[in-house]
Amino acid sequence: MIAGLIKRAAFYTLVGVIVVAAVFPFYYAILTSLKSGTALFDVGYWPTSVSLVNYVTVLSTGTFLRNIGNSLLIALAVVILSLLLGVTAAYALSRVNFRGRSLLLLTILSVSMFPQIAVLAGLFELIRALGVYNTPFALIFAYMIFTLPFTVWVLTAFMRDLPVEIEEAAIIDGATPWIIVSKVFVPLMWPAMVTTGLLAFIAAWNEFLFALTFTASSSQRTVPVAIALLGGAGQFEIPWGNIMAASVIVTVPLLVLVLVFQRKIVAGLTLGGVKG
Amino acid sequence: MIKSFGSVEAIKGVDLDIAPGAFVVFVGPSGCGKSTLLRLIAGLEEITDGTIAIDGEVVNSLPPARRGVAMVFQSYSLYPHMTVYDNIAFGLKIGGDGKADIDKRVREAAEILQITEFLDRLPRQLSGGQRQRVAIGRAIVRDPRIFLFDEPLSNLDAALRVATRIEIAKLHERMAGTTMIYVTHDQVEAMTLADRIVVLNFGKVEQVGTPMELYRAPANLFVARFIGSPAMNTIPCMIESGGSAPRVVPEGGRSVVVNAEIPLKAAGARGTFGVRPEDLSLANSSEAIFTGKVDIVEKLGEVTQIYVGVRDQTIVAKLGGDAAVERDDEIALTAPRGALHVFDDKGIAFPRTPA
């Protein structure tokens, strides 16, 4: 009885520690973003006065709104292109027998092993040569380097598990490979697509190094870079309030996305098509 | 309609001519290539060598949809995310038919299969039998020249299997002009459904014929053992004489006259003697072919199956349900002359002569 009580207490303490470790930094960021003036430098764990002045400042000055727009555009473009290329590549890699298929898969995987810094210089040259430096295309192109390998891999693994008979039934029905992919496989795979799409979105949304390197003007920057380069009134002032407000603004969409989609990921859509 | 294949390994040269409107069943043990043959006809596999023609048109390089075939799969293979209606209509929509026309045909097919009330449901909300009907419906609406069934009943339970088997037989009657090719390993399905049975073994056709031809006059030992349950008793024998009233001596049995064309020069050769369990009956020892001791008696109600030890082999006999046979009885068995089969040393049957 007492041993059971201790076990449960220990369990909930552990859960509490994990929740605090995960949530506290974000909570403190929200807290800080609501303070103004010198109140910023008082250490306190409960909101004392609520002021939205930091939010107003961040959104009304500089190019922060434009930067959010850039981030959104780039992340969405990366997700859409990655899923489109990923699904079609996954069909070929999982269903079409050709020579060197596993070699190709391993090559795709090995691409994601290079650290960003290793490809930075070469990629910079490439982007200059393509003439897309300081445009959203540069970042869309660069981000696909790390979103495509895992998109292709996850979708290939998922597609391999879809029953072959369903595809054959579609072939008999006269479906072309494109119809098979778009009308039969995509609806069945959409839990996997939501997951990979979300991961790709987060990766593109958070990326810093490429975004810093491949943009020059403040109007082309994405949010992570814009936050890092937020300047205060003087050289030695770091505008913590504004930075925290900006951080909260860019984190909330991610939280909402994950919360919305986590329920939908559960679906067991493939049930019922084949015997079972 | 001629189909000939010469694809290595799985199908080792099959020459087959299927009449339009026939119900043909491919039957054989697992791994004999029957499903592969079906998939070749469907166009899901490419043939290595040879030609497939449908209605005189060579279709080797045509994709499945253009061959005018429809297929029902063992695992139903419905599209899990579509309603029954959309499952049936999918092929028609791809074909670009008009909406009103599609609707009419889907509803007709649903009517035939009595699944109209399920049209709005998803496959996972249906039972196995209902799913298989939807799969058949999906094939019907395409109005195919050839209907292919790949073991469609093997996922159903026994009662449903019989019911669906009868439905398929009715469907064939209704679609008189449509050729049906049906793959199964179940000889009851083969015997009950087929106009013609094709027995396959190791990628080769062993025999083609009506169910009764295969039962009455199996061309070789493989077909003899495969068709009929329990399997035909096959016993090594010595051919005593050929000619007009040929005689053979099965091992452990008495010399008998058989209705078979055995050449005179075959006398003295070894062969195999075959007799079906249901053709054997109790006899007095003077006219018996075999005598032996009963090892096991199985009372099945309408029949009694007995296993009789004759020298070092076991002979199975199917007797009447109330046959008075006990374990350890010494009994004598005989069979009518017309029911005896003789195969040469290569397992090929000697042609049967009319009784």
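**Figure 1. Helix α7(A) gives the most residues to the lining of the largest pocket.** In this predicted model, α7(A) supplies 4 residues to that lining. Two or more lining residues also come from each of α3 and α8 (177-206) of chain A. Sorted by class, the lining has 11 nonpolar, 4 polar and 7 charged residues.

**Figure 2. The largest cavity is lined by residues of chain A and chain B.** From chain A, the lining takes in A169(A), I172(A) and D173(A). From chain B come A70(B), M71(B) and F73(B), together with R138(B), A139(B) and R142(B). Which elements each supply at least two residues of this lining? They are α7 (164-172) of chain A, and β6 (69-72) and α4 (128-140) of chain B. The class count for the cavity lining is 6 nonpolar, no polar and 3 charged residues.

**Figure 3. Helices α5(A) and α6(A) pack at an angle of about 145°.** Helix α5 covers residues 116-130 of chain A, helix α6 covers residues 136-160, and their axes are 11 Å apart. Is the crossing left-handed or right-handed? For this pair, the crossing is right-handed. On the α5(A) side, the contact is made by Q116(A), L123(A), L126(A), I127(A) and L130(A). Facing them from α6(A) are A138(A), F141(A), A142(A), I145(A) and F146(A). These contact residues divide into 9 nonpolar, 1 polar and no charged.

**Figure 4. Two backbone details in chain B: a cis peptide bond at P230(B) and a positive phi at Y76(B).** As a reminder, most residues other than glycine have a negative phi, and most peptide bonds are trans. S229(B) and P230(B) are joined by a cis peptide bond, with omega about -5°. P230(B) sits in the loop between α8 (221-226) and β11 (233-241) of chain B. Y76(B), although not a glycine, has a phi of about 70°. The loop that holds Y76(B) runs between β6 and α2 (84-94) of chain B.

**Figure 5. Confidence in chain A is highest in helix α3 and lowest in helix α11.** The mean pLDDT is 92 for α3 (residues 64-95) and 83 for α11 (residues 240-264). Over residues 267-276 of chain A, the pLDDT is below 50, though this stretch has 28 contacts in the model beyond near neighbours in sequence. Please keep in mind that where pLDDT is low, predicted coordinates should not be read in detail. Averaged over its length, chain A has a pLDDT of 85, with 92% of its residues scoring at least 70. Chain B has a mean pLDDT of 89, and 97% of its residues reach 70 or more. The scores for the model are ipTM 0.81 and pTM 0.77.

How values were computed:
Residues are numbered from 1 along each chain as its sequence is written. Chains are lettered from A and ligands numbered from 1 in the order in which they are written. This is a predicted model: local features need pLDDT of at least 70, side-chain atom pairs count only at pLDDT 80 or more; totals for chains, interfaces and linings use all residues. Side-chain values use heavy atoms; hydrogens and water are left out. On a 1 Å grid over the protein atoms alone, a cavity is a set of points where a 1.4 Å probe fits but cannot get out, and a pocket is an open set with protein on both sides within 12 Å along at least five of seven lines; lining residues have an atom within 4 Å of a point. Ala, Val, Leu, Ile, Met, Phe, Trp, Tyr, Cys and Pro count as nonpolar, Asp, Glu, Lys and Arg as charged, and the others, Gly among them, as polar. pLDDT is the predictor's confidence in each residue, from 0 to 100. Contact means heavy atoms within 4.5 Å. Axes are lines fitted to C-alpha atoms, for helices over the stretch in contact, and angles run from 0 to 180 degrees between N-to-C directions. A crossing is left-handed if the near helix is turned anticlockwise from the far one by less than a right angle, and right-handed if clockwise.
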